[in-house]
Amino acid sequence: MTTAALAVSVFELSIGVVCLAIAALAWPYRRQPGGRPLVVMTLSAAVWASAAGVASLVVDPDVTRAAQLTVYGASGPAAVAWLYVVVEYSDRKWWQKTRVVGTLLGAIGIEWVLIFTNSWHHLYVTGMQSIPQSGLIDPTPGVLLYGFTLWRLGLIVAGLSILQQQYVRTQGVSKVQSVAMVFTGVLPVTAALLELFDLIVVPGFDFSVVGIVVGSGIVLWALFYADFLEFVPIARETLFENMTDPVVAVDTDGRVVDLNRRAKMLFGVGDGAIGKPATAVFEQYPDISIEQIRAATGPIDISAEIDGIQYQYELAVSPIVPRGAHTATDGGVDNASLGFLLVFRDVTLQKQREQDIERKNDRLEQFASVVSHDLRNPLNVAQGWLEVAQDEHDSGYLDTVSQAHERMELLIQNLLTLARSGNAISSTEPVEVSELVRECWQTVATANATVTVDTDLTVQADRPRLQELLENVLRNAVDHGGPNVTITVGSLDEKRGFYVADNGSGIPADAREQIFESGYSTGQDGTGLGLAIVAEIAAAHGWTVAVTESDDGGARFEFVTGHTDT
């Protein structure tokens, strides 16, 4: 073997070692999109370069022939793996279908069979030519080798088409990554074509290794400079560019991957923000930091000014995980997380409505309290003088006046309760319905009525307000169902909520839509506010209430809570 041949062999074997090192560097990122195929691609390149080195090192026709066929066998997996680096990186669904992957792998299998049976048919390599002075041999391509080379070229063209679309719709560092992937795929195949068609002839040297050398260098540069596999772009369509809410995607290192038009307006940045630390983009908003983003378990309130208008946003943080990965049970993200999607939901109008409602409720409660105070003062005076009159005179007329006073007292109390019942619920806690019903039963005038509790339901509710609701429903059943009425409290189907039913006379079908209106009553002594209070409290919780007929022909009130803790 000549010194030149030895140098060529050492060079080719060294490239094989470098490719193995790159595969080892890519292995920790195998769960990232493009990670696994990159490992396969670099391993195939390592086999490719090493086999070429063996073919140059060993002066033996059989060894050289086997090594050269191994080179051809490694080029197919390398091309397919490169395509799937592109496919997974850009999240192309069609190419990831089982039948498509199976077809490509099947083509590789067929090529391997044809390569290793070449001694029978000589259609892949027709023969070997000796190279003077070096003692090496050079294969003569057959029709199948040309055919499979064109097939690999087609894979490269398909990948380039995907990368061209990816390049157009991405920005910043993602464009750099797209360009890097172009060269890692094109250079080895181009060099192999030059070698195959003898456009560049270097005796004893496989020129395709030059493409592997340059491609491997680009892969190393992409891994450590362009953060390939660490900094993976999110598919543009997932950011809903036309959304009115600002959307930002950041990776696990806190760098901006992408952001939509509205986010650029909110933070006053352009496309240059992509690839920069999120802290640089959010520097005007101290409430947003990568630490808070990672630890977020609920919305983060953000106040911002855009074009002189004050906006209120709720920042919702969602982990971005690759297909097949799962969020951690503690609400965080597992090691497979690609980063976070930040959606700034515009709640300006909602906050304004909440403030308006709060002001109206405050005014209503203030009005009710004033009216209650102004009514109670003369009522208390009237009740005092009534007691004096009853002490001096025994008259049925005075008893009628006393009943009127009691009714006025009940009206005042119900008006206060109704004014407060419509306020939004600020905090809730788990409440056992059965336990609260029994407590309410002790405070309601029940006469000879009985109650049966047949539920183990626990609901999220404001306990004092739910108690007011149950007391009013129970009192209504006793007042309208008769002194011996039987009341049943149970769970709705699938535990969507609870019901209160009785065996009284029931509520006429044509009156069921009116009974929750203020002032409506079917009894002469009723205030018409009890069930209106029930409806207001249910609505404040976000529940729905409906009345129907019970199994015993009485009234049945159904409360759909929509969320339980059972």
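The angle between two helices is taken between their N-to-C directions, along axes fitted to C-alpha atoms over the stretch in contact, and it runs from 0 to 180 degrees. In this predicted model, helix α3 (residues 61-90) and helix α4 (residues 98-116) pack at an angle of about 170 degrees, and their axes lie 9 Å apart. Because angles over 145 degrees count as roughly antiparallel, α3 is described as roughly antiparallel to α4.

**The contact between α3 and α4**
- On the α3 side, the contact is made by L69, Y72, G73, G76, P77, V80, L83 and Y84, while α4 contributes V100, V101, L104, I108, E111, W112 and I115.
- By residue class, the contact of α3 with α4 consists of 12 nonpolar, 2 polar and 1 charged residues.

**Helix α3 itself**
- The 30 residues of α3 should span 44 Å at 1.5 Å a residue, and this agrees with its end C-alpha atoms, which are 44 Å apart.
- Of the 30 residues of α3, 23 are buried, so this helix is largely enclosed by the rest of the structure.
- Just after α3, the residue D91 takes a positive phi of about 60 degrees.

**The protein as a whole**
- The protein contains 16 helices and 14 strands, and buried residues make up 45% of its 566 residues.
- Among the contacts with a separation of 6 or more, 65% are accounted for by residues 24 or more positions apart.
- The accessible surface of the protein comes to about 28400 Å², and 56% of this surface belongs to carbon and sulfur atoms.

Conventions:
Residues numbered from 1 in each chain as written. Predicted model: local features only at pLDDT ≥ 70, side-chain atom pairs only at ≥ 80, totals over all residues. Heavy atoms only, no water. Helix = DSSP H or I, 4+ residues; strand = E, 2+ residues; numbered from the N terminus. Parallel < 35°, antiparallel > 145°, perpendicular 65-115°, else oblique. Contact = heavy atoms within 4.5 Å. Nonpolar A, V, L, I, M, F, W, Y, C, P; charged D, E, K, R; others polar. Buried < 20%, exposed > 50% of the residue type's maximum accessible area, 1.4 Å probe, protein only. Areas by Shrake-Rupley, 256 points an atom, 1.4 Å probe, with all protein chains shown as cover. Expected span 1.5 Å × (residues − 1).
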